[in-house]
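Hi everyone, thanks for coming. Today I'd like to walk you through a structure, with a focus on its aromatic rings.

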Amino acid sequence: MQSCGLAFLGIELVLGTKVKSADVTRKTLLTATGETISYKILIIATGARAIKLEEFEVRGSDAENVCYLRNLADASRLVDVMRSCTGGNAVVVGGGYIGMECTAALVKNQIKVTWVFPGKHCMGRLFTPKIALFYEDYYKSMGVNFIKGTVLTSFENDSGRKVTAVVLKDGRRLPADMVVVGIGIRANTGLFEGQLNMDKGGIKVNGRMQTSNSSVYAVGDVAAFPIKLFGNDVRRLEHVDSARKTARHAVAAIMAPRKTGDLDYLPFFYSRVFTLSWQFYGDNVGEVVHFGDLSSGRFGAYWVDQGRIMGAFLESGSRKEYEAIAKAVKLKATVEDMAKLEREGLEFAFQVSQRAMQESGLVLERLTPCAWHASAAAAAALSIAAFAYWYDWWRPIW
């Protein structure tokens, strides 16, 4: 067991140590080395693990050039495999965040990509068919080959245990020098099954991130918590923004319980691929209203349920534009005319923000939509580690 003392902060960091079991009644943890650790308050931040193809009995999926992406070790291995495959063929399996972002990174590193997923379009949990078409057309222009509506059934391996081909359910055989798999994650709840209440595949907590045991808190991917915006519906959100804010709130609730209320979190997701960059706020429920010009890459969408804005998506926005759509969602802005909403597009969000600030008594200059612009950020191998935090939606997508 290695330990790193941060005494000046009152923190002891223990590395290289695995917790084998937990007893929340006795408030103890048992490590793999047999050491018992007692606690007064426990914060569970065990995150989630990538779903492996072995769980679906896919033969040959333990080959050394089959890559997953969940942690730094995965990222380092993926980069190493990429470096050995320049000019070769990659097959990406899974239509969500990992598939979308790794495909872009592979292309930027001169690797030919075939992207395979079972859905009708990419990012099926979030994108509308119209939005997905824009990104798929862009990816095609970058040389990506799409195969939709099927899954892989097996691999062909050489004598060195490397994948040489991917075999699909529809019978097609795809030559492959490497494979990237992104078919979802599962929360690491095993230590606490039968001891704490579970929901949505994670550990259920209240608005203070407190579990069914008052001495135990849970944060990040493993926590299923109530969302005020959704009428306190419990959700488990797999995203770095949620992980950061739930952790911050749990610490505040522990350190200053009388000053800390329930978390009022606005669900937020984002991604950057090639020169594109989008952000989404809220929930994709209700009727969709697209706005802007998809052909130019300057577009967005609102989700309207019972006359209220419940979600908003924007590609290549400025900081003020993203702030405006976030405000419209946070306030559940009222929509009286759907056709007018489509015509106004971003201007609707700016008007909502302006009215809210005026009602709060703040003096401000009139907000006007900033010029659309595209992000200059390009996906690269060294940025792949960050992708592990921008993970697929609430459940597996493949």
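**Rings and charges**

Let's begin with a lysine: K52 lies over the face of Y68, with 4.9 Å to the ring centre. Please keep in mind that this is a predicted model.

There is another lysine to look at, K148, which sits over the face of F146 at 5.8 Å from the ring centre. Stay with F146 for a moment, please. Is F146 buried or exposed? Its relative accessibility is 13%, and buried means under 20%, so F146 counts as buried.

Now for ring pairs: the structure holds 21 of these aromatic pairs. One of them joins F117 and F146 edge-to-face, with 6.2 Å centre to centre and 85 degrees between the planes. Why does this pair tie together separate parts of the sequence? F117 belongs to strand β10 (residues 112–117) and F146 to strand β11 (residues 145–148), so the pair links parts that are 29 residues apart in sequence. As for F117, its relative accessibility is 2%, so this residue counts as buried too.

Elsewhere, ring pairs join up into a cluster made of Y97, F127, F134, Y135, W278, F299 and F313.

Let me step back to the whole chain. The chain has eight helices and 26 strands. Of its 398 residues, 50% are buried. If you take contacts between residues at least 6 apart in sequence, 59% join residues at least 24 apart. Finally, the surface: the chain exposes about 18,800 Å², and carbon and sulfur atoms supply 50% of that.

Terms used: Residues are numbered from 1 along each chain as its sequence is written. This is a predicted model: local features need pLDDT of at least 70, side-chain atom pairs count only at pLDDT 80 or more; totals for chains, interfaces and linings use all residues. Side-chain values use heavy atoms; hydrogens and water are left out. Rings of Phe, Tyr and Trp (its six-membered ring) pair if their centres lie within 6.5 Å; planes under 30 degrees apart count as stacked, over 60 as edge-to-face and the rest as tilted. Helices (H or I, at least four residues) and strands (E, at least two) are DSSP runs, numbered from the N terminus. Buried means under 20% relative accessible area, exposed over 50%, partly exposed in between (1.4 Å probe, protein chains only). A charge sits over a ring if NZ of Lys or CZ of Arg is within 6 Å of the ring centre and within 35 degrees of the ring normal. Contact means heavy atoms within 4.5 Å. Accessible areas come from the Shrake-Rupley method with a 1.4 Å probe; for residues, only the protein chains shown count as cover.
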